[in-house]
Amino acid sequence: MDEIKSSAQEADEASAIEIKDVVKIYKLYDKPRDRVKEALGFGKKQTHQLHYALNGVSLNIRRGETVGIIGTNGSGKSTILKIITGVLNPTAGEVKVNGRISALLELGAGFNMEYNGIENVYLNGTMMGFSDKEISEKLPGILEFADIGPYVNQPVKTYSSGMFVRLAFAVAINIDPEILIVDEALSVGDVFFQAKCYHKFDEFKKNGKTIVFVSHDLSAVSKYCDRVFLLDKGILLGEGTPKEIIDTYKRVLVGQYELTDKHEHADFLEDVQLRQAEGAKGQGGADGVNPEALEYGTGQAEILEYYLTDDQGVHTTAVIKGSEFTLHMKVKFHAHVPGPIFAFTIKNAMGTEITGTNSMIEKAYLESGEPGQVKEITFAQKMSLQGGEYLLSLGVTGYNVDTFEVYHRLYDALNITVVSDKNTVGYYDMDSEVKVTDVILE
């Protein structure tokens, strides 16, 4: 019996966070007055619908792990972090946290907008249980990391979002937490500050501390996380290595992931409206298509469809750096087009053209297009761009005798995310093979 108890205690000590069958339900009302009527007991008709922000989620985070939580908007990522940190209470389920938590959630959480930066440092430290003396000892390190200069003496309501996150992150990491929780806040800071923060992540990992963070930056998730959890519509779809879960996430993004029986959870409340809401699963999902893409052309040819597939043939907008991917484009001809040229270009977020090619350069297709014909064009290549966000533009052009014509062009039509755990200098990776050998001098 003592051995069993000892093993259970060891398991508890090995876990930083344990979550078992956690449910979070919100009541949704069509009108504000419906909430008041129901609270006062007026009327017999139920005026709310139940929304499961989390539906039977269980996960275990071990001490010293860096864990990522990913998923589409509305999947429950921020909700589960708020439950872990005690900001929200679960409707059902158990949550155990072993260790001092420091959390960086929404911008502004835990800060008084009227206080200046230093006053907010003391406010946050006091909330964490530190004495004024202990906070004063930590203050120089916090101010050095935040690096916002004299603004630290100004009310935080006057801060830019970048200054705010610098101070908030500096406070979060310098109060010596055992568990650090970060929710998307780093996306606000500039690239240099982000690098500084991720360097701190490395220090935390070496010191055996636990990090849990939510991010849409799949490159960061891939590089820094030991394990990743994937949520979708309040349900935990799976956990595993970054590569495994990011591959599954790419399927979710394009609606190609079906919930299996093991992912379905029984209703925790007997409510017909809940079951009706659950019947709407699988709707929506980001596909990376820009609804406001600039398009123009003579109309003699039309780009009907375009998408990417990864090295497994799965539709995606996220490509792993170094892997093979294919751009697909379907074009319909509405008139005779001599020698159409099919093209694509990739730009960065600032609008700089990084790379691109076309069928004429590649000497791939020199025939004419005829009215009513539909052609599928594919460009297959290896992804060598650095990790980040890019924009894809497409075009069908050609020469009518000596005149260059644009039949259909789509600018910034598709967002591409390149996922990388190794970014070199510049826009693309030379894919160098490095060797270091000993040289014996005579």
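**Salt bridges, a sheet and a surface patch**

A: K382 counts as partly exposed because its relative accessibility is 40%; buried means under 20% relative accessible area, exposed over 50% and partly exposed in between, with a 1.4 Å probe and protein chains only. The model is predicted, so local features need pLDDT of at least 70 and side-chain atom pairs pLDDT 80 or more, while totals for chains, interfaces and linings use all residues. Residues are numbered from 1 along each chain as its sequence is written, and side-chain values use heavy atoms, leaving out hydrogens and water.

Q: Which residue forms a salt bridge with K382?
A: The partner is D431, with the closest N and O atoms 3.1 Å apart; a salt bridge is a side-chain nitrogen of Lys or Arg within 4 Å of a carboxyl oxygen of Asp or Glu. K382 lies in strand β17 (residues 374–382) and D431 in the segment after β19, so the pair ties together parts 49 residues apart in sequence. Helices (H or I, at least four residues) and strands (E, at least two) are DSSP runs numbered from the N terminus.

Q: Which residues are joined into one network?
A: Salt bridges with shared partners join R62, E65, R227 and E239. In total, the structure holds 13 salt bridges.

Q: What does R227 pair with, then?
A: One partner is E65, at 2.8 Å from N to O. R227 is in strand β8 and E65 in the loop between β2 (48–62) and β3, so this pair links parts 162 residues apart in sequence. R227 also meets E239 in a salt bridge of 2.4 Å, N to O. E239 belongs to strand β9, so that pair ties together parts 12 residues apart in sequence.

Q: How many bridges join β8 to β9?
A: There are 5 bridges, and the two strands run antiparallel. F229 stands opposite E239 in β9.

Q: New topic: where is S215, and what does S215 touch?
A: S215 is in the loop between β7 and α8 (218–224). Leaving aside neighbours within four places in sequence, S215 contacts I69, I70, E184 and V221. S215 counts as buried, with 8% relative accessibility.

Q: And K347?
A: K347 is in strand β15 (residues 341–348) and counts as buried at 12% relative accessibility. From C-alpha to C-alpha, K347 and I416 are 9.9 Å apart in space, although 69 residues separate them in sequence.

Q: Finally, where are Y399 and F404 found?
A: Y399 is in strand β18 (residues 388–400), and F404 is in strand β19 (residues 403–419). Y399 is partly exposed at 41% relative accessibility, and F404 is partly exposed with a relative accessible area of 41%.

Technical notes
Pairing = 2+ DSSP bridges. Contact = heavy atoms within 4.5 Å.
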